[in-house]
Amino acid sequence: MCGIVGYTGPKEAYPVIIKGLKRLEYRGYDSTGVALQDGALKVYKKKGKVAELEDAIVGKDLHGHTGIGHTRWATHGEPSDANAHPHQSSSGKLAMIHNGIIENYVQLKQELINKGYQFKSETDTEVLLNFIEEIKKNNHCSLEEAVRVALKRVTGAYVILLLDADEPETIIAARKGSPLVIGIGKGEHFLGSDASPMLEYTKEVVYVNDYELAIVKPDELILKNLGNEKITPYVQKLDIELAAIEKGGYEHFMLKEIFEQPHTIYDCLRGRLDTAGGTIIMSGIQQYADQVMKANRIVMIACGTSWHAGLVAEYIFEELCRINVEVEYASEFRYRNPVINPGDVIIAISQSGETADTLVAIENAKAQGAIILGVVNVVGSSIARVSHGGAYTHAGPEIGVASTKAFTAQLAVLTMIALKIAHDKGTIDRDRYMHLLNELSEVPNKVETVLKSKDKIKKLAEKYKDARDFLYLGRGYNFPVALEGALKLKEISYIHAEGYPAAEMKHGPIALVDEHLPVVVVATKDAYHQKVVSNIQEIKARKGKVIAVISEGDTDTAAICDDVLIVPEADEIVAPMLSVVPLQLLAYYIGVAKGFDVDKPRNLAKSVTVE
Ligand code: G6P
């Protein structure tokens with residue numbers, strides 16, 4: 001969380017930084033700030049989104065060829081001008097931005113207070129900055145050296161970018177546990193939480209690793225470890241196009257990303273799924289296929305929407321591969337001293353590849369001997385790098401904070417892995433296997449069909465937007481879809497929504513049902529269909545309003561519901577990739593109808609790099 005940008009080179013830094021911050025706003029938008037080097041340090045910062053800072057500083061002197069910028073997701077201290085980054089040190093000579101949490105900041109702060117320091121903000125960042133300044137002053141050393149010494153005392157996670165008024169063209173950067181990318185241009189360097197701020201200037205990037213420190217000047221990039229030894233930067237070529245991170249005519253990124261799904265699922269299957277030859281090729285899994293086949297247990301570790309993908313995968317793996325699967329919230333798994341046995345396989349699922357809890361959970365499991373496979377969207381991200389093997393979801397940059405296309409791509413990848421393992425293990429017969437390969441290959445076209453009902457869903461959104469609560473129900477493969485539908489709605493419309501297994505409703509949520517409660521029931525044709533229809537009857541008997549996701553042609557179910565969202569028929573294994581799409585659209589249009597900024601819902605962040 002928090003987006004950070006830096007630039008040093010011949011260009012005016014401010015426009016590069018502001019544009020970069022807008023691209024990183026998905027990481028947080030509680031406040032915005034920039035620091036520019038121009039003879040002296042100039043710092044401008046303000047509570048609110050990037051556009052609010054821009055408006056507030058019209059007419060100010062914004063010159064400078066070296067600068068840093070920050071968009072904040074608050075951890076320590078409420079969103080306010082004072083708590084906004086960059087922070088300036090007591091002398092005013094250093095400026096710093098930070099993404100992460102300094103866990104021992106209280107202790108460091110006390111030490112500094114004892115030495116007479118005063119603080120303008122409530123942030124851990126200002127403490128670390130003054131701690132660095134204190135070391136620099138006492139040791140009469142360079143900023144680089146002071147940062148190195150300070151970081152040895154720090155516990156927690158960070159990416160920091162610092163400017164020193166005495167070294168006007170240099171940015172000092174360091175990382176542990178939060179992402180940092182450096183873009184290499186001609187006589188210029190760009191820094192960012194991800195590559196999006198630099199995409200239009202360069203495709204050559206270096207992903208900085210934990211415990212590395214970068215000294216960045218216009219025509220020099222030096223990487224060192226905390227022991228002051230030089231490291232040769234590993235330069236990689238980006239293969240993302242600028243268009244992938246722009247809205248391309250859509251009103252919101254979320255809508256664009258929902259509509260990209262036929263392509264993203266297709267891209268995910270392309271080159272892996274061969275329906276004619278009856279093969280699935282997953283090169284990042286191949287080496288570990290044996291271990292997965294022999295695994296006593298697979299543990300899926302994830303957070304948020306990715307956790308829901310793990311739940312769907314649990315049903316699929318158990319059904320097709322006959323392997324015991326557990327699905328864990330990363331934040332719980334990492335702290336509860338879990339039992340890891342030899343032969344356990346961990347599958348980490350993450351869009352960003354940077355979620356702090358997921359990252360630490362797999363690092364712990366890896367240290368205990370588990371095989372880690374990553375199902376990750378962002379190429380080169382931390383989770384991808386820590387994993388032994390895995391498969392990228394290839395959904396392209398996902399910018400809307402509410403995850404959509406990453407979810408369906410995760411399902412596509414996890415289904416392919418399960419099918420491959422089931423086939424190699426012999427737990428699926430040839431006919432079913434070939435049938436499922438075909439079913440998978442048809443998903444992109446079927447999603448295209450679902451998207452055609454957008455206008456109908458928009459009207460439904462108008463009808464239900466004022467409801468206070470929603471209940472989402474589903475069974476089997478569609479139970480996690482109900483959870484995901486409810487999550488989407490609460491994320492972007494701030495309406496309270498609960499997802500529940502349809503049959504379990506009788507044990508509690510049915511008490512909520514009355515004529516005011518919309519109940520979204522995922523009731524597509526599958527093995528549970530009749531049971532779900534009975535659950536719909538139970539809701540109708542209590543005057544609840546039922547909006548059902550049904551399979552094409554299911555007039556019987558349509559007849560007992562208030563409203564229906566229709567999806568093409570599909571095998572239950574692939575059905576979640578279809579049934580979730582109308583729920584994404586329903587949440588989107590309700591959020592828009594209520595006038596909320598659906599791409600940047602309050603309090604949320606896309607990439608949660610704090611625990
Ligand atoms: C945040 C995002 C969610 C996402 C979750 C896990 O909460 O807002 O959309 O599902 O983190 O993120 P990951 O990148 O690990 O999938």
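Helices H7 and H14 run roughly parallel to each other, because their packing angle falls under the 35 degrees that sets the limit for that description. The model in which they lie is a predicted one.

**Packing of H7 and H14**

- Two packed helices are described by the angle between their axes together with the distance between those axes.
- For H7, which covers residues 261-269, and H14, which covers residues 405-425, the angle is about 30° and the axes are 9 Å apart.
- The handedness of the crossing between H7 and H14 is right-handed.
- On the H7 side the contact is made by Gln-261, Thr-264, Ile-265, Cys-268 and Leu-269, while H14 contributes Lys-405, Thr-408, Ala-409, Ala-412, Val-413 and Met-416.

**Surroundings of the ligand**

- There are 13 residues around the ligand, and the ones that come nearest are Ser-306, Ser-350, Gln-351, Ser-352 and Thr-355.
- Ser-306 places a polar side-chain atom 2.5 Å from an oxygen atom of the ligand, and Ser-352 likewise has a polar side-chain atom, at 2.6 Å from a ligand oxygen atom.
- At Val-401 the backbone is involved, with one of its polar atoms lying 3.3 Å from an oxygen atom of the ligand.

**Glu-229 and its contacts**

- Glu-229 belongs to the loop that lies between strand S13 (220-225) and strand S14 (230-231).
- The side chain of Glu-229 is joined to the side chain of Asn-225 by a polar contact of 2.8 Å.
- When residues up to four places away in sequence are left out of the count, Glu-229 touches Leu-223 and Lys-224.
- Between Glu-229 and Gly-595, which stand 366 residues apart along the chain, the separation of the C-alpha atoms is 53 Å.

**Backbone features in two loops**

- The peptide bond that leads from His-85 to Pro-86 is cis, and its omega is near -5°.
- Pro-86 is located in the loop between strand S4 (66-72) and strand S5 (87-88).
- Tyr-211 has a phi near 60°, which is a positive value in a residue other than glycine.
- The loop that holds Tyr-211 is the one between strand S11 (204-207) and strand S12 (212-217).

How values were computed. Residues numbered from 1 in each chain as written. Predicted model: local features only at pLDDT ≥ 70, side-chain atom pairs only at ≥ 80, totals over all residues. Heavy atoms only, no water. Axes fitted to C-alpha atoms, helices over the stretch in contact; angles between N-to-C directions. Helix = DSSP H or I, 4+ residues; strand = E, 2+ residues; numbered from the N terminus. Parallel < 35°, antiparallel > 145°, perpendicular 65-115°, else oblique. Left-handed = near helix turned anticlockwise from the far one by under 90°. Contact = heavy atoms within 4.5 Å. Near = heavy atom within 4 Å. Polar contact = N/O pair within 3.5 Å; in protein donor to acceptor, adjacent residues only side chain to side chain.
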